[in-house]
There are 2 protein chains.
Amino acid sequence: MGEVVAVLGGGQLGRMLGLAGVPLGLSFRFLDPSPEAPAQALGPLVVGALGDEAALRDVARGATAVTYEWEGVPAEGARALEQLGYAVRPGPNALEVAQDRLGEKETFRRLGIPVPAFAAVDTRDELARALDDIGTPAVLKTRRGGYDGKGQVMLHRASAVEAAWAELGAPAVLEQMVRFDRELSVLAVRSLAGETRCYPLVENRHAAERGTGGILRASRAPAPAVTPALQAAGEAIAGRLLDDLGYVGVLAIELFQVGDELLANEFAPRVHNSGHWTIEGAETSQFENHLRAMLGRPLGSTNARGHSVMLNCIGAMPDIDRVLAVPGAHLHDYGKTPREGRKLGHVTVTAATAEELDDRVARLEFLVDA
Amino acid sequence: MGEVVAVLGGGQLGRMLGLAGVPLGLSFRFLDPSPEAPAQALGPLVVGALGDEAALRDVARGATAVTYEWEGVPAEGARALEQLGYAVRPGPNALEVAQDRLGEKETFRRLGIPVPAFAAVDTRDELARALDDIGTPAVLKTRRGGYDGKGQVMLHRASAVEAAWAELGAPAVLEQMVRFDRELSVLAVRSLAGETRCYPLVENRHAAERGTGGILRASRAPAPAVTPALQAAGEAIAGRLLDDLGYVGVLAIELFQVGDELLANEFAPRVHNSGHWTIEGAETSQFENHLRAMLGRPLGSTNARGHSVMLNCIGAMPDIDRVLAVPGAHLHDYGKTPREGRKLGHVTVTAATAEELDDRVARLEFLVDA
């Protein structure tokens with residue numbers, strides 16, 4: 001009785017995978033370097049490095065399938081498990097592509113998916129040349145290891161080359177900083193049989209440094225004023241990428257909307273913060289659909305149920321009683337020790353209409369941003 | 001960080017309380033006589049009798065509040081924890097009333113809540129006299145310990161007295177078997193501050209022996225064709241009972257509808273099978289509202305989201321892939337070993353309209369009843 005799913009990473013995403021999977025009769029085991037990993041509320045925790053082969057073997061033992069909840073999981077470790085015969089889903093190839101910003105952008109381009117102008121930067125001179133070509137403003141990003149706005153420097157003037165080079169160095173990618181209308185994301189799930197379903201496009205708001213991929217503050221779903229053509233464009237982007245990767249599970253692509261066009265910024269080969277609204281706001285949550293996909297089960301409906309906004313709780317949790325007093329508000333406390341800039345939880349608020357949602361969000365933003 | 005809730009009983013209700021409570025940042029500890037109790041997926045399990053004082057102390061240690069997920073929990077044990085200073089919610093008095101069918105019915109009557117005719121039966125002669133008064137058909141029920149249709153005998157003719165007496169004996173209650181139009185239940189939650197909220201009335205269908213309180217097969221919410229007056233009548237019944245008990249948490253009352261009138265059959269001082277639909281079908285699930293109430297938090301909205309039907313999986317789980325392929329279907333596998341007559345899980349199916357729901361239910365009933 002009871003299939004076991006092994007999850008590489010034991011953060012809030014693992015925790016929410018567990019919460020979605022227990023009702024499906026699944027058991028979970030997590031691997032995380034921290035003995036305080038929040039996912040351990042849902043199953044045994046193996047404490048160890050995500051690339052440690054013994055720890056990987058330990059967490060995977062007897063599991064029906066292995067997944068990861070962080071795109072920084074060393075791809076070699078995931079490959080090693082695959083070679084031992086484990087079903088690693090999504091496949092380690094998705095990690096490899098996502099872990100290299102250059103490979104990621106080249107993949108988009110190869111698939112005919114529009115992206116902001118970019119250039120590989122391996123030397124200081126290449127940076128100067130690339131900046132000439134692309135123009136300012138631009139963003140220099142490390143090829144590996146950046147997330148939540150870390151590992152990137154903005155260049156507003158050509159004279160900023162020296163400082164940017166000194167701060168980041170190579171290997172890096174210089175990207176055009178697009179003057180976009182808004183940031184969207186498309187969340188898609190692909191089944192073992194190759195069927196892809198997309199959730200409605202989500203509108204995202206990031207903290208402070210807009211456009212540099214800073215930490216996510218809020219998501220609204222469905223994104224307002226999305227034409228069928230725009231939704232179709234987002235789904236086409238997702239479909240091409242997932243098919244190309246032979247992907248199994250949930251994947252999120254961050255997009256810039258410029259007029260009627262969508263440009264791909266980056267993708268995350270996992271369940272994603274901009275999909276947390278699906279727990280209450282969609283027919284089937286991203287977490288359940290990820291599990292259904294990786295276990296070869298039929299996908300669930302990705303339709304929205306009403307209108308939702310998800311607000312991240314960053315650095316501190318809001319006053320819980322006041323949050324819970326807002327109709328339609330759903331608290332998600334990850335059980336983490338507060339630390340500045342840390343995602344400690346989120347609140348999703350749902351409503352039947354966009355107007356009702358606006359009222360509720362106004363009450364919540366005051367609390368969650370406080 | 002992190003309040004601990006102790007739950008007396010580690011069955012599926014405890015498991016679903018845990019699933020609702022982890023996102024609220026709560027941790028759980030369960031007490032159950034079975035080392036295979038399904039709730040242990042959500043927290044440590046103390047294996048022991050529900051009336052064992054050492055085990056009770058063990059599970060309650062350090063808990064912010066203690067609750068129970070079975071109305072058969074010995075009231076003395078719950079009282080003992082209360083005397084040790086623990087917040088036991090709902091209070092042990094609710095257990096005491098619910099554990100005695102006679103006291104339960106007398107409470108309803110004292111509160112002016114209509115009930116089917118009944119009489120206490122302590123001797124064979126009293127049974128014969130009561131049957132004369134009440135008439136046939138009637139049901140003889142043990143005062144203590146019956147559930148899911150156990151501990152009761154139907155009397156269709158006066159001549160059945162001998163056999164019924166031989167089977168059940170005293171102390172018992174004889175109840176008029178009402179020719180009702182349908183079975184409903186009202187699910188209510190009362191906060192620590194004394195506010196009561198009710199979910200929409202639910203229509204229930206029981207297996208085989210209709211009217212004898214047999215095992216629940218299906219619930220539909222909101223119940224079709226409920227007038228505002230009928231909903232108000234259900235809420236008035238719940239309000240009177242909860243206030244009288246000084247109740248904190250979720251309570252369910254089983255009702256018979258006869259014409260425009262509601263008769264109270266029995267109540268369960270806990271989250272209830274006829275409220276499982278609230279996980280996907282209401283703004284706030286019964287499990288979350290029970291926890292909010294017992295921890296002194298504001299109650300969540302009890303409004304329905306669309307239309308829902310909950311089907312119990314009894315004795316065997318259905319073909320999971322075929323269930324998951326039905327749009328709007330949500331599987332809840334309790335992780336229990338199959339056994340005839342055992343509740344192993346449930347499926348809730350939701351839809352935006354009653355017509356869409358009917359289509360989906362038709363597909364599911366074929367699978368779940370198979």
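The pLDDT is the predictor's confidence in each residue, on a scale from 0 to 100. By that score chain A of this predicted model averages 94, and 96% of its residues reach at least 70. For the complex as a whole, the predictor gives an ipTM of 0.93 and a pTM of 0.95.

The size of an interface is often given as the accessible area lost when the parts come together. Here the area buried between chain A and chain B is about 2,800 Å², with carbon and sulfur atoms giving 54% of that area. On the side of chain A, the residues that lose the most area to chain B are A:Pro23, A:Arg305 and A:Leu324, which together account for 20% of what that side buries. In terms of residues, 33 from chain A and 33 from chain B take part in the contact.

Polar interactions also cross this boundary. Between chain A and chain B there are 13 residue pairs in polar contact, both residues being at pLDDT 80 or more. The elements of chain A that each supply at least two residues to the side touching chain B are α1 (12-21), α10 (286-294), α11 (320-324) and β16 (329-333). The largest share, five residues, comes from β16(A). By residue class, the side of chain A that touches chain B comprises 15 nonpolar, seven polar and eleven charged residues.

Helix α1 of chain B, residues 12-21, is mostly covered, with ten of its ten residues buried. Among them are B:Gln12 and B:Arg15, as well as B:Leu13, B:Met16, B:Leu17 and B:Leu19. The glycines B:Gly14, B:Gly18 and B:Gly21 are likewise buried, and so is B:Ala20.

The charged pairs come next. Side chains of opposite charge can pair when their charged atoms come close. Two salt bridges are counted between chain A and chain B. One salt bridge joins A:Asp321 to B:Arg297, with the closest N and O atoms 2.7 Å apart.

Over all chains, a search of the whole structure finds 42 salt bridges. One of these is formed within chain A by A:Glu3 and A:Arg297, whose closest N and O atoms are 3.4 Å apart. This pair links distant parts of the chain, 294 residues apart: A:Glu3 lies in the segment before β1 (4-8) of chain A, and A:Arg297 in the loop between α10 and β15 (307-314) of chain A. A:Glu3 has a relative accessible area of 28% and is therefore partly exposed, and A:Arg297, at 23% relative accessibility, also counts as partly exposed.

The side chains of A:Arg79 and A:Glu96 meet in a salt bridge, at 3.0 Å from N to O. A:Arg79 is partly exposed, with a relative accessible area of 28%, and A:Glu96 is partly exposed at 35%.

A further salt bridge joins the side chains of A:Asp58 and A:Arg61, at 3.2 Å from N to O. Here A:Asp58, at 36% relative accessibility, counts as partly exposed, whereas A:Arg61, at 51%, counts as exposed. The cut-off explains the label for A:Arg61, because exposed means over 50% relative accessible area.

Notes. Residues numbered from 1 in each chain as written. Chains lettered and ligands numbered in written order. Heavy atoms only, no water. Buried < 20%, exposed > 50% of the residue type's maximum accessible area, 1.4 Å probe, protein only. Helix = DSSP H or I, 4+ residues; strand = E, 2+ residues; numbered from the N terminus. Contact = heavy atoms within 4.5 Å. Buried area = accessible area lost by both parts, 1.4 Å probe. Salt bridge = Lys/Arg side-chain N within 4 Å of Asp/Glu carboxyl O. Polar contact = N/O pair within 3.5 Å; in protein donor to acceptor, adjacent residues only side chain to side chain. Nonpolar A, V, L, I, M, F, W, Y, C, P; charged D, E, K, R; others polar.
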